[in-house]
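Q: Please take a close look at the sheets and go through them strand by strand. Then carry on to the surroundings of the ligands.

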Amino acid sequence: MNGQADHQADAIAAVAEEAAAATGHDRHRLLDMLLAIQERCRWIPPAAVERLAASLGLTPVFIRGVASFYSFLSLEPKGKVIIRLCDDIIDRHAGLDAVLAAVTDELGISAGETTADGAVSLEVTPCIGLCDQAPAAMVNDIVLTSLTPETARHAARHLKAGKPLHDLVSPHFAGLTPQQRVHAQVASNIRAPGAVLLGEVPREAGLRRAATMEPRAIIAAIIASGLRGCGGAGFATGRKWEMAAREEASRRVVICNADEGEPGTFKDRVLLTERPHLLFEGMTIAARAIGAAEGILYLRGEYVYLRDHLEAVLAERRAAGLLGHAILGCGGFDFDIRLQLGAGAYVCGEEGALISSCEGLRGEPKTRPPFPVQRGYLGFPTVVNNVETLCHAARILDLGPDWYFAMGTAGSHGTKLFSVSGDCRAPGVYELPYGITVGELLALAGAEDAAAVQVGGPSGVMIGRDSFHRRLGFDDLATGGAIIVFNGSRNILEIVDYYLAFFVHESCGYCTPCRVGNVFLRQAIAKFRHGHASAEDVEELRTLSATIIETSRCGLGTTSPNPVLSTLSHFPLVYAAVTRPAQDGQQASFDIQSAIETARGIARRRSFVYDRDFSQ
Amino acid sequence: MTDKDFTFTIDGASVTAQPGQTIMEAADAAGIYIPRLCDHEGLRHQGSCRVCTVKAAGRSVAACTQPAAPGLVVESETPHIQAMRKSLVEMLFHEGNHICPVCEASGNCELQAMAYRLGMVEPTKLPYLEPTRPVDASHPGIALDTNRCISCGRCIRASEDVDHKGVFGYCGRGIHRRITVNGEDLAHTDAAVSDHAISGGVCPVGCIIVKRVGFRLPIGARAFDRQIIGEAIEEKRR
Ligand SMILES: Cc1cc2nc3c(=O)[nH]c(=O)nc-3n(C[C@H](O)[C@H](O)[C@H](O)COP(=O)(O)O)c2cc1C
Ligand code: SF4
Ligand code: SF4
Ligand code: SF4
Ligand code: FES
Ligand code: FES
């Protein structure tokens with residue numbers, strides 16, 4: 001018995017050692033090692049933690065700390081196959097309940113459990129970037145889209161029987177090219193190709209131009225184009241590159257942020273699928289501009305199904321002399337890119353957290369200053385840019401800053417990709433010039449009965465019909481691109497509650513206001529949903545939100561109360577309708593019902609005072 | 001004052017700082033106390049409790065990590081900032097189980113003392129999260145009760161950087177982020193009573209308890225029974 005256990009521990013240690021060796025025992029690559037172990041063992045067993053610790057000179061508690069940070073790494077055994085159903089509000093509106101019921105019925109387990117034979121685990125997860133084809137699910141390294149109870153049940157039965165996973169995509173999976181495999185799983189749903197990214201794009205035109213230019217001239221072109229970051233914050237891209245280029249340093253780094261975690265956003269998925277060369281071209285141009293030899297593509301764990309496709313494109317570029325030494329024959333133009341897979345953590349889209357994650361740490365944001373352009377990855381000046389930003393940059397080098405500057409509005413130049421999902425007939429990606437109104441976009445998407453639109457995802461704002469004339473862009477409604485449509489039958493407070501639950505789930509937990517405050521904010525919204533709130537509670541919502549926003553350490557906390565604040569200002573009647581005056585002598589915010597619930601259970605009877613129908 | 005030194009203001013008072021100093025370091029030297037819980041003398045700054053939030057040039061920042069800058073205008077003890085600090089301290093109370101009258105740390109506890117300093121004297125409006133984590137009493141000399149932990153990370157930094165051990169670490173994410181130890185339990189770590197992380201007054205609350213010395217210093221004669229938290233720093237200015 002003991003011998004067998006020892007044997008098993010040895011085998012696990014061997015897997016861990018192999019994972020460590022694959023990175024040259026580089027402790028900064030801890031996430032890669034843990035992902036490899038998770039993939040092979042289906043969890044991170046204690047023997048693997050011990051071996052990694054010994055092998056890398058780290059403490060076991062540190063390694064457990066990193067592993068326990070990520071949703072897709074587990075310190076407990078999981079099934080051979082893990083089904084992760086997206087349980088975002090969009091999927092709920094699209095019939096998640098029935099899909100989940102079919103799967104739980106077929107497998108005989110509920111979400112969070114593993115079948116007794118260890119074949120299948122069932123979990124739910126926030127948005128996996130397939131909102132235009134919800135309900136959707138990840139299953140190990142593939143995804144399933146537009147699920148119905150029937151297709152979901154079929155998949156569950158298939159997996160329970162231990163049949164090959166990839167057959168769910170296609171019986172000819174092995175014979176498909178990596179890009180064909182991606183297309184067999186996911187539709188790109190490009191609804192409106194624009195002038196910059198999704199229309200015809202000639203290969204390497206921008207890079208060829210850049211190779212002949214001085215770095216300073218590249219930066220000047222990007223500044224002149226007016227390009228601003230597409231990841232949400234809208235920082236001027238050229239200025240960011242300039243700052244990184246100006247730092248004294250022996251190494252510099254370009255990181256592409258493909259974490260795309262904001263619920264309702266999936267435009268980067270489409271670029272990664274359809275325009276991977278353009279993205280790598282943009283990264284290579286950025287590298288030349290700032291003098292970087294190293295690049296990292298940080299790909300969210302949910303997009304693991306894109307990994308082989310992207311690796312194949314990288315290999316193709318290396319073979320063609322577009323990556324590696326002397327790119328395009330230019331002596332001294334050396335640059336290569338490695339792919340860093342994430343493991344299920346929205347906060348890792350925040351640039352500091354993303355860098356922590358690439359360094360093998362818990363994915364916690366970093367203290368600023370210093371900013372990444374000063375001291376980023378491993379302490380070297382680092383440019384972090386969104387996928388779309390880098391694609392735009394490549395096109396700007398090809399067609400010139402004036403061409404780009406002329407599109408859009410005074411404060412927002414060029415085009416923008418919008419990810420449209422929810423209650424509309426044509427969900428998908430729309431490339432449109434900045435300055436288009438919400439109403440115009442809704443008309444394109446077939447969302448005539450839209451009653452509320454979440455612009456920019458949960459961290460953005462929810463607006464109502466009276467604001468559909470507003471313009472998308474930094475001058476008015478800034479957005480990373482998510483446009484989530486809700487019709488009049490949707491329950492606003494349920495949506496707010498879901499978004500707060502999302503932030504609670506995704507908070508890294510580093511700082512007090514975000515870690516704890518968001519839990520209380522969600523509980524405060526629950527009072528409204530249960531009809532226990534008074535006018536005083538509205539004030540309480542505002543005060544708590546303000547404290548969280550003002551004292552949080554990173555952008556997650558400073559935007560997490562937005563669902564509350566934006567609905568309070570745009571949908572005040574929703575709150576008024578469920579608010580009651582405080583009852584005599586009771587602190588208005590005190591929820592007597594939940595307070596006496598335990599007592600009711602113990603006494604096995606209702607309250608004489610507080611249950612009005614007690615006499616019946 | 002060397003020629004590299006510069007001045008800035010906190011609530012109107014002029015403060016001298018050296019390049020590289022944080023707002024809090026400069027304030028401490030000048031005898032101005034900015035409330036804090038995760039920051040601790042001799043340990044690297046973490047910037048996580050946010051109780052030290054100040055407004056610098058109109059922007060809210062953590063004084064323990066934000067560098068001072070020439071001419072910077074810092075607001076600290078405004079009613080608005082004090083109210084936010086109080087709210088953060090309330091959150092920490094409600095996140096854990098704090099029953100001061102039966103707690104060994106009472107009177108020496110920085111969380112309790114901060115609540116007094118910030119005027120947390122009424123019932124709060126927040127619910128309680130009521131954690132039920134097992135107490136780790138496995139070690140012959142030390143007990144660990146994380147139900148009172150405020151996640152300040154001081155024990156982690158002290159053990160790593162001063163004791164060169166790594167007895168403690170964070171596990172989990174978000175509201176589930178917790179202090180854990182480098183082993184099955186404390187007995188299976190190399191923690192020693194003599195560690196700075198254990199006996200150096202590092203834990204601001206009553207989580208890390210050295211066995212058999214409890215209540216040696218009677219309640220009434222403890223650190224914050226004698227003075228308000230922060231007074232030691234403020235005395236420099238008098
Ligand atoms: C919680 C949080 C999540 C974020 N997620 C992403 C993301 O998924 N993708 C992204 O490009 N930027 C994300 N950002 C913004 C990044 O921090 C950073 O500003 C951006 O990658 C910079 O690139 P850009 O200037 O090209 O937009 C996020 C920020 C926060 C605070
Ligand atoms: S605001 Fe939230 S996500 Fe950001 S550091 Fe604080 S706890 Fe972490
Ligand atoms: S740790 Fe401090 S605040 Fe908590 S119960 Fe003990 S004395 Fe009170
Ligand atoms: S145990 Fe004490 S020192 Fe360690 S994090 Fe918790 S409160 Fe801070
Ligand atoms: S994939 Fe479900 S909401 Fe985005
Ligand atoms: S003391 Fe500055 S954040 Fe805790």
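A: Six strands of chain A make an open sheet, ordered E5-E11-E10-E14-E12-E13, with mixed pairing. Strands are DSSP runs of E, at least two residues long, numbered from the N terminus. Two of them pair if DSSP finds at least two bridges between them. The model is predicted: local features need pLDDT of at least 70, side-chain atom pairs need 80 or more, and totals for chains, interfaces and linings use all residues. Numbering starts from 1 along each chain as written, chains are lettered from A and ligands numbered from 1 in written order, and side-chain values use heavy atoms, without hydrogens or water.

The axes are lines fitted to C-alpha atoms, and angles run from 0 to 180 degrees between N-to-C directions. Inside the sheet, E10 (residues 415–422) and E14 (residues 482–487) of chain A pair in the parallel sense over four bridges. A:Ser421 stands opposite A:Ile484 of E14(A).

Chain A also has an open sheet of four strands, E8-E7-E6-E9, with parallel pairing. Its edges are E8 (336–341) and E9 (382–386) of chain A; each has a single partner strand, so one side of each is left without a neighbour in the sheet. The twist averages 20° from one strand to the next. E7 (residues 294–299) of chain A pairs with E8(A) in the parallel sense over six bridges. There, A:Leu297 has A:Leu339 as its bridge partner.

Now the ligands. The residues around ligand 4 include B:Cys149, B:Cys152, B:Cys155, B:Cys203 and B:Cys207; near means a heavy atom within 4 Å. By class, this shell has nine nonpolar, two polar and no charged residues. Ala, Val, Leu, Ile, Met, Phe, Trp, Tyr, Cys and Pro count as nonpolar, Asp, Glu, Lys and Arg as charged, and the others, Gly among them, as polar.

The shell around ligand 3 includes B:His98, B:Cys100, B:Cys103, B:Cys109 and B:Arg148. It divides into seven nonpolar, four polar and one charged residues.
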